[in-house]
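Biologist: I should like to learn how to read a model of this kind. Could we take its features one at a time?

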Amino acid sequence: MEAEISQKQTEDPAHTCAQGPVSQDGPDITVKPARTCAAVRHRGSYESLHLAYEALCAWLGEHTEYRACGPAMDRYLNDPHDTPAGQLETGVFFPVEKRK
C-alpha cells in the first residue's frame with residue numbers, strides 16, 4: 001500500500017505536521033497525540049539513518065530555545081521489501097517544547 005503523506009511547515013521551523021492514511025488493525029500501529037516536533041525526512045538506506053538524528057541534534061544545539069521532551073519517533077514512508085535502499089524514505093521526529 002502506498003501512503004500519501006501531507007506535510008505542513010509553519011513559520012516556526014520546529015513545527016511540522018505530517019499525516020497520512022494508516023490501517024489501524026495491525027498490532028504495530030500506535031496512535032500518538034498531537035505535539036510539536038523537530039523533523040527531517042531521510043532518503044537513503046537505514047544504515048545512514050543516523051545522519052538524520054545527527055542533523056536534528058545539531059538543530060537542537062543551534063536552537064536552544066527548544067528542548068527535547070520525549071523519545072524520538074521514526075515513520076517509515078515506504079516498504080524496504082520493494083524499494084531500493086537508496087530510495088527508502090524515513091521521517092524522524094523529535095518531540096520538542098519551548099523552554100520556559
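Biologist: What pLDDT does the protein chain average?

Modeller: This is a predicted model, and its protein chain averages a pLDDT of 81, with 74% of the residues scoring at least 70. Confidence is highest in β4, at 96, and lowest in strand β1 (residues 6-9), at a mean of 45. Over residues 1-18 the pLDDT is below 50, although this stretch has 38 contacts in the model beyond near neighbours in sequence.

Biologist: How should one treat such a stretch?

Modeller: Where pLDDT is low, the predicted coordinates should not be read in detail.

Biologist: What should helix α1 span, at 1.5 Å a residue?

Modeller: Helix α1 comprises 13 residues (residues 50-62) and should therefore span 18 Å; its end C-alpha atoms are 18 Å apart, in agreement.

Biologist: Which residues of α1 are buried?

Modeller: They are Ala52, Leu56, Trp59 and Leu60. Because these residues cover an arc of only 100 degrees around the axis, they lie on the same side of α1. The face turned away from this buried side carries the exposed residues Gly61 and Glu62.

Biologist: Against which strands do the buried residues of α1 pack?

Modeller: They pack against β3 (37-43), β4 (66-68) and β6 (89-98).

Biologist: Is Thr90 buried or exposed?

Modeller: Thr90, found in strand β6, has a relative accessible area of 0% and is therefore buried. Leaving aside neighbours within four places in sequence, Thr90 is in contact with several residues, including Val40, Arg41, His42, Tyr46 and Leu49. Asp74, Arg75, Tyr76 and Leu77 are also in contact with Thr90.

Definitions and conventions: Residues are numbered from 1 along each chain as its sequence is written. This is a predicted model: local features need pLDDT of at least 70, side-chain atom pairs count only at pLDDT 80 or more; totals for chains, interfaces and linings use all residues. Side-chain values use heavy atoms; hydrogens and water are left out. Helices (H or I, at least four residues) and strands (E, at least two) are DSSP runs, numbered from the N terminus. The expected span of a helix is 1.5 Å times one less than its number of residues. Buried means under 20% relative accessible area, exposed over 50%, partly exposed in between (1.4 Å probe, protein chains only). The arc is that of the directions from the helix axis to the C-beta atoms. Contact means heavy atoms within 4.5 Å. pLDDT is the predictor's confidence in each residue, from 0 to 100.
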